[in-house]
Amino acid sequence: MSTEFVPAAATRRQDLMDSLAAPRHYDIAIIGGGATGLGVALDAAARGFSVVLVESHDFAKGTSSRATKLVHGGVRYLAQGNISLVREALLERTTLLANAPHLAQPLPFVMPSYKFWEAPFYGIGLKMYDALAGKAGLGATEFLNRRETLAYLPTVQPRDLKGGVKYWDGQFDDARLALALARTAASQGALLVNYCAATGLIHEGGKLAGLHACDQETGRTFEIRASCVVNAAGVWVDQLRLLDGQAIGRDTKPMVAPSQGVHIVVDRSFLPTDHALLVPKTADGRVLFAVPWLGKTILGTTDTPRHDLAREPLPFREEVDFILRESARYLSRAPGPADIKSIWVGLRPLVKPPDDDAGSTQALSREHTVLVSKSGLVTVTGGKWTTYRAMAEDVLDKCFGASLLPARAGSTTAHLKLVGAHNSGHKISEAPGPHLYGSEAASLDSLPGAGRELGGGLTEAMVRFAARHEYARTVEDVLARRSRLLFLDAALARTLAPEVATLLQQENGVDPQLDAFLALCGQYLSLPD
């Protein structure tokens, strides 16, 4: 079979850049290609608006690929009394699972109890969780005896185990879901471009009229005109808010208090089950998860204030120690530093109240905030992956309320299936494979290398598919986000990287940034001093 192939116009880089350069006035321009920005792009395009989105790096490069992989209402938010956030998230959980069943699915959780009061105490709270979900519930909460708890969590610490509580939430592949959002938005007419940074804002008469952007590969610059500009840059939204404020002579106070979450990945043998383990209150009051995901087990997460905004933040030693120490308390076989397959860090954009110094982030709200500046810059930040769709609706409502866009009926995305939507019967907890492509899995068979696996469930055809149809430009794009090998097994990702680079060079004809990725693999394998 010939390897010569011209990628579809929707993701062919030259076509994207030519479209971006064409003189056009957009209804809405979005800065930021994470879950929030992509959600806004899809919603706006589905309502018939003309949409352009630019992302300085790759789609979901930041926070949106570094979640704990849970689609959830937020049990701990219920404990904080935030009923409205929990109710909204539970409804959105069901919508997400229905619209992308190949990438988001129900997941049973078990809370083991080691004290006589724990099961009834937490069980009552989880029954409230069920009640809030109503018809959107995924399964009833059950009280478990000791034998049942061990059956669901075979490697849980048996000493002093009294029983447990089982409840339901969901899990997903966050980066691939972000790609599905991008590609679905493109199918609705939106123009989305990764590796194209917003470099400035255009103001005319004190009002925002568009933005300047630069192709990070070639240095080519663009002027993008739009009636409405949405700042969806995640933890980096304050940088654009500051630019906007300076242009119109107004002081701008930071609104984001970044919080760092660290995750450790170990072999599935440490928790060989399709049930997740949840400890709602560890020794220092934090939550601990052990989640089966893509053939491995994720341990985490932490919640630590962070004052810098590194694209690849490093874990703190105390965070790693906390996860390993607490895991050893609840697993009969304790993972150690040598067992770590990958360690990765995400920054959460928590919104701080006015005059808050954000010394602690655990108490800050996980709800999102939408602000419209004096010039018309619409900024959205905070929130959580599960509620991305509701956040997008709120953003557009704010745009309508500020007369930046003409109002159009909403809820267009409530039943809009994402690209590839199909449930093959495989679980997200299983090792990766073609099932993650949903209804597009068969298209892999038509590409060169369909039967040749490079390793870790990644085939040559998947690399070519990533370049031709999924906006992939670099080795990192493929091994971190189109496949998730960097997050699952950084040593294996490093081994496969040279061959992936060769394939990308054939497909795209540009430097696939191999050396930078090899250095990144080292970071994902290194423990902090």
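Modeller: A residue is called buried when its relative accessible area is under 20%, exposed when over 50%, and partly exposed in between, with a 1.4 Å probe and protein chains only. The structure is a predicted model, in which local features need pLDDT of at least 70, side-chain atom pairs count only at pLDDT 80 or more, and totals for chains, interfaces and linings use all residues. Residues are numbered from 1 along each chain as its sequence is written, and side-chain values use heavy atoms, with hydrogens and water left out.

Biologist: Why is Trp 344 called buried?

Modeller: Trp 344 has a relative accessibility of 1%, and therefore counts as buried. Of the 529 residues of the protein, 60% count as buried.

Biologist: What makes Trp 344 and Phe 487 an edge-to-face pair?

Modeller: Rings of Phe, Tyr and Trp (its six-membered ring) pair if their centres lie within 6.5 Å; planes under 30 degrees apart count as stacked, over 60 as edge-to-face and the rest as tilted. By this rule there are 14 aromatic pairs. One of them joins Phe 172 and Trp 385, with centres 5.2 Å apart and planes at 80°, so this pair is edge-to-face. For Trp 344 and Phe 487, the centres lie 5.0 Å apart and the planes are at 65°, so this pair is edge-to-face.

Biologist: How do you know that the pair of Trp 344 and Phe 487 ties together parts that are apart in sequence?

Modeller: Trp 344 belongs to strand 16 (residues 342-351) and Phe 487 to helix 14 (residues 485-488), so the pair ties together parts that are 143 residues apart in sequence. Helices (H or I, at least four residues) and strands (E, at least two) are DSSP runs, numbered from the N terminus. The protein has 16 helices and 20 strands.

Biologist: Why does Leu 294 count as buried?

Modeller: The relative accessibility of Leu 294 is 3%, so this residue counts as buried. Leu 294 is located in the loop between strand 13 (288-293) and strand 14. Its phi is positive, about 50°, although Leu 294 is not a glycine.

Biologist: What makes the radius of gyration of the protein agree with that of a compact globule?

Modeller: The radius of gyration is taken over C-alpha atoms, and the globule rule is 2.2 Å times the number of residues to the power 0.38. For 529 residues a compact globule would have a value near 24 Å; the protein has 23 Å, and therefore agrees.
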